Amino acid sequence: MSSFSESALEEKLNGISNSQQSIQTMSLWLIHHRKRAGAIVKVWYRELQKVKPSKKLTFMYLCNDVIQNSKRKGPEFSTEFASVLENAFKHVARGADEATKRSLDRILNIWQERMVYDADFVDRMKEALGHSHTPKKRKIEIPVVEYVEEEEEGSESPREPPDPEELVKALQELEQSASSDAAVREKIASLPQEVQDVTLLDKITNKESAERLSRMVDDACVLLAEYNGRLAAELEDRKHVSRMLADFIAGQKEKLAASEAKLEEYKQKLAKVTQVRRELKSHLQNLPDLTLLPDVTGGLAPLPSAGDLFQ
């Protein structure tokens, strides 16, 4: 089971770029954690309102990808997103340029064409964009909306080093990741040859064998899609753990540098104390030996008393 936390999700959302690969990788990670759909949608909507305008459309693309690609696994995401989509469309459309509004409208047309949501719901989303009527349906050939590459953003602000226990826990969870799942890899390796070799399609002679092969292919696709999703989630988790390790090492280096600076300060103070001790010892050695001085008190007359002074 790969690790999930709202802080990790926030970090991933803030690091997402407007490229198809970045969005699809993030989408696979979210779908892998579909049991946390409620928390995911809550964080997604909160971060949507905080990101800069040029990145809000990327969040909507991610939403579209997650909703469409999670349908076969369950309705968790489509249900959770439905509660915030109207406000999300209003928020993104507010002050957006025409190109952005067209992109949002294209997402809604895809949902309408594929019946992701019912017509009334899609109409409400279009009203949120400011449409007074629903345009005629048109056939959409592309499976997902188009993405464009954006320029790489500036360097991230320094992160706090992770807690050692949190780092150890993340490393332990990686030991049970998808790449270590020998059982699933064995299932994939043992898939029937008919599923893997298209030249064997010539052996299909009747409807029953074709339907049997179709079911086998469907089962194989589900198995591979699930495993690919787990691998994508593992890849993201490994990147996250690598950043945690880098932050932890950087934090330890800072502590070591601070300790070395403190040690150097103590060395300088010790050197000063040692120097004073040497000077004091030298001074004491140069003092005369009082035992060698003559006795100058035995032969002197006693001092006069007060009575003697007033006589």
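**Close-up views of a predicted model**

**View 1. Helix H2 and its buried residues.** In H2 of this predicted model, the residues Ser22, Ile23, Thr25, Met26, Ser27, Trp29, Leu30 and Ile31 are buried. Helix H2 covers residues 20-32, and its 13 residues, at 1.5 Å a residue, should span 18 Å, which agrees with the 18 Å that separates its end C-alpha atoms.

**View 2. The largest nonpolar core.** The largest nonpolar core comprises 46 residues, and the members with the most contacts inside it are Trp44, Phe81, Leu85, Phe89 and Trp111. Two or more residues are given to this core by each of helix H1 (6-15), H2, helix H3 (37-48), helix H4 (53-69), helix H5 (76-82), helix H6 (85-93), helix H7 (98-113) and helix H8 (119-128). H4 supplies the largest share of the core, 8 residues. Around Leu85, and not counting residues up to four places away in sequence, the residues touched are Cys63, Ile67, Trp111, Tyr117, Phe121 and Met125.

**View 3. A network of salt bridges.** Side chains of opposite charge can pair when their charged atoms come close. The structure holds 9 salt bridges, and Glu10, Arg46, Glu47 and Lys50 are linked in a network of such pairs. Glu10 forms a salt bridge with Arg46, with the closest N and O atoms 2.5 Å apart; this pair links distant parts of the chain, since Glu10 lies in helix H1 and Arg46 in helix H3, 36 residues apart. Arg46 also meets Glu47 in a salt bridge, at 3.9 Å from N to O, and the side chain of Glu47 meets that of Lys50 at 3.2 Å, again N to O.

**View 4. A nonpolar surface patch.** Leu171, Leu245 and Ile249 make a nonpolar surface patch of about 220 Å². Ile249 is placed in helix H12, which covers residues 207-286, and its relative accessibility of 44% means that Ile249 counts as partly exposed.

Technical notes. Residues numbered from 1 in each chain as written. Predicted model: local features only at pLDDT ≥ 70, side-chain atom pairs only at ≥ 80, totals over all residues. Heavy atoms only, no water. Helix = DSSP H or I, 4+ residues; strand = E, 2+ residues; numbered from the N terminus. Expected span 1.5 Å × (residues − 1). Buried < 20%, exposed > 50% of the residue type's maximum accessible area, 1.4 Å probe, protein only. Core = buried A, V, L, I, M, F, W, Y, C linked by side-chain atoms within 4.5 Å. Contact = heavy atoms within 4.5 Å. Patch = residues over 30% accessible without salt bridge, like charges linked within 9 Å, V, L, I, M, F, W, Y side chains within 5 Å. Areas by Shrake-Rupley, 256 points an atom, 1.4 Å probe, with all protein chains shown as cover. Salt bridge = Lys/Arg side-chain N within 4 Å of Asp/Glu carboxyl O.
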